Amino acid sequence: MLIDTHIHLDDRALLPASLAEARTAGIGGWVVPGVSPAGWAGLMAAVAATPGAWAAPGVHPQAAADWRPELAGALRRLALAAQTVAIGEVGLDGQAGPDRAIQEAVFRQMIGIARESGRPLLLHMRRATGRLLDLLRSEHAEEVGGVAHAFSGSPETARQLIDLGFALGIGGVVTFPEARRLREVVLQVPAEWLVLETDAPDLPPDPHRGQANRPEWLTLIAARVATLRGWTPAETARITTANARRVLRLPENSAVKEVT
């Protein structure tokens, strides 16, 4: 069975009832990241309604202006909830969102809450990789590690993230014909640092670009990784699921079960 390490199940287009096809396709686990504080209640409700789903509440860099210091207590409580496994989606966005200083201040607080609660991080890192790596080091994010969401960077960036304890979230971009650099990364990095994600309803894989992404299309991403690595579908599921469980410290009693 496969685990999707980044999917927005709290999006109205991806209500839990829409997961039947994904389960039939062999997907049995989902990690649902937060975006803004206003959405935390909906996130936790969607996870509670979905067997096999886990929460990763946090503040997306594009929503950093919505953060208030008085929200820290609420996020700390959510971080310790039984269904929570990570803090996310957090990081820096050099293309959109509020002023970089605001993003950095919120990101520092997200790392601090992750360290306090012992939860790994789901990283958003768009056009801000160098500064994000600096902050991960200065804030000691290696204590918790996590997943570099939607990774599409260089082999050197991949190495630095892995050194800090972050697995690479491989999504729909790996299926794009022009994504030669990402395919090189998937080929080169140690197998134990690859995990799979859809980012649904965003970032659909080929041949569905331009459409709303769907949970069951994780199998297209898995198939591309399998081809690149020379793995069977069963090996791909076994390896990437074990990686997700290790990096995100998924509870032992939340085993992903075979669909019968």
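**Strand β5 and its sheet**

Q: Which residue of β5 does Ile87 stand opposite?
A: This is a predicted model, in which local features need pLDDT of at least 70 and side-chain atom pairs count only at pLDDT 80 or more, while totals for chains, interfaces and linings use all residues. Residues are numbered from 1 along each chain as its sequence is written, and side-chain values use heavy atoms, without hydrogens and water. β4 and β5 pair in the parallel sense over six bridges, where pairing needs at least two DSSP bridges and strands are DSSP E runs of at least two residues, helices H or I runs of at least four, numbered from the N terminus. The residue opposite Ile87 is Leu121.

Q: What is the handedness of the crossover from β5 through α5 to β6?
A: A crossover is right-handed if, with the strands pointing away from the viewer, the path from the first strand over the helix to the second runs clockwise. β5 (residues 121-126) and β6 (residues 146-148) are parallel partners over three bridges, with Leu123 bridged to Ala148. The crossover through α5 is right-handed.

Q: Which strands stand at the edges of the sheet?
A: The open sheet has five strands, paired in parallel, in the order β4-β5-β6-β7-β8. Two strands have a single partner each, so one side of each is left without a neighbour in the sheet. These are β4 (87-93) and β8 (194-196).

Q: How many of the six residues of β5 are buried?
A: Buried means under 20% relative accessible area, with a 1.4 Å probe and protein chains only. β5 is mostly covered, and the number of buried residues is five.

Technical notes. Buried < 20%, exposed > 50% of the residue type's maximum accessible area, 1.4 Å probe, protein only.
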